[in-house]
Amino acid sequence: QVQLVESGGGLVQAGDSLRLSCTTSGRTSGNYPMAWFRQAPGKEREFVAAITWSGGTTYRPDSVKGRFTISRDNAKNTVYLQMNSLRPEDTAVYYCATTSSGRRFLVAGIQQLAVYDYWGQGTQVTVSS
C-alpha cells in the first residue's frame with residue numbers, strides 16, 4: 001500500500017521561506033511522477049509543481065514559477081517543495097501526490113489532478129502579511 005506523508009508546513013510571514021517534505025512508503029518513490037497541489041479555503045485544489053520519473057520539472061506558471069522549487073532525494077524516498085518569497089495568497093493546505101504504476105512514465109498532463117492515484121493528508125501553510 002502506497003502512503004504519502006507530508007511535513008514542514010507552518011505559520012510564517014510574507015517574504016519568508018519554507019521547505020515541505022513528502023515521504024513515500026510502500027514503494028520506491030524515485031521512478032514515479034510526484035506532484036504538489038494546494039487548496040485554499042473555499043477554492044478548488046490546484047496544481048503547484050511536479051517532477052517526472054526522469055527528473056523533469058514543471059510549475060504553475062502564473063504564481064509560483066521562480067519562487068518554488070521541487071526536488072527529490074531517491075535514497076530517502078522523499079520529494080521536497082522549497083518555497084521562497086512566500087505571499088499571503090500562498091496560504092493553503094499543501095498536498096503531495098503520486099501516480100499508480102500504470103502512469104509511471106507520465107509526462108504530458110502531469111499537471112492534471114485526475115492522473116494522481118495516491119495522496120497525502122496535507123500540511124497547512126499560512127502566510128501572514
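Guide: A salt bridge is counted here where a side-chain nitrogen of Lys or Arg lies within 4 Å of a carboxyl oxygen of Asp or Glu. Side chains of opposite charge can pair when their charged atoms come close. The model is a predicted one, in which local features need pLDDT of at least 70 and side-chain atom pairs count only at pLDDT 80 or more, while totals for chains, interfaces and linings use all residues. Residues are numbered from 1 along each chain as its sequence is written, and side-chain values use heavy atoms, with hydrogens and water left out.

The structure holds 6 salt bridges. In one of them, the side chains of Arg38 and Asp90 meet with N and O 3.0 Å apart. Arg38 belongs to strand β4 (residues 34-39) and Asp90 to the loop between β8 (78-83) and β9, so this pair ties together parts that are 52 residues apart in sequence. Strands (E, at least two residues) are DSSP runs numbered from the N terminus, as are helices (H or I, at least four). Arg38 is buried, at a relative accessible area of 5%, and Asp90 is buried as well, at 1%. Here buried means under 20% relative accessible area, exposed over 50%, and partly exposed in between, with a 1.4 Å probe and protein chains only.

Another salt bridge pairs Asp62 with Arg60, their closest N and O atoms being 3.3 Å apart. Asp62 is exposed, with a relative accessible area of 60%, whereas Arg60 is partly exposed, at 21%.

A further pair is Arg103 and Asp117, whose side chains meet at 3.0 Å, N to O. Arg103 is partly exposed, with a relative accessible area of 32%, and Asp117 is partly exposed, with 36%. Elsewhere, salt bridges that share partners join Arg38, Glu46, Arg60, Asp62, Arg67 and Asp90 into one network.

A covalent link may be set beside these pairs. Cys22 and Cys96 form a disulfide (a pair of cysteine sulfur atoms within 2.5 Å), with their sulfur atoms 2.0 Å apart. This pair links distant parts of the chain, Cys22 in strand β3 (residues 18-25) and Cys96 in strand β9 (residues 92-98), which are 74 residues apart. Cys22 is buried, with a relative accessible area of 0%, and Cys96 is buried, with 1%.
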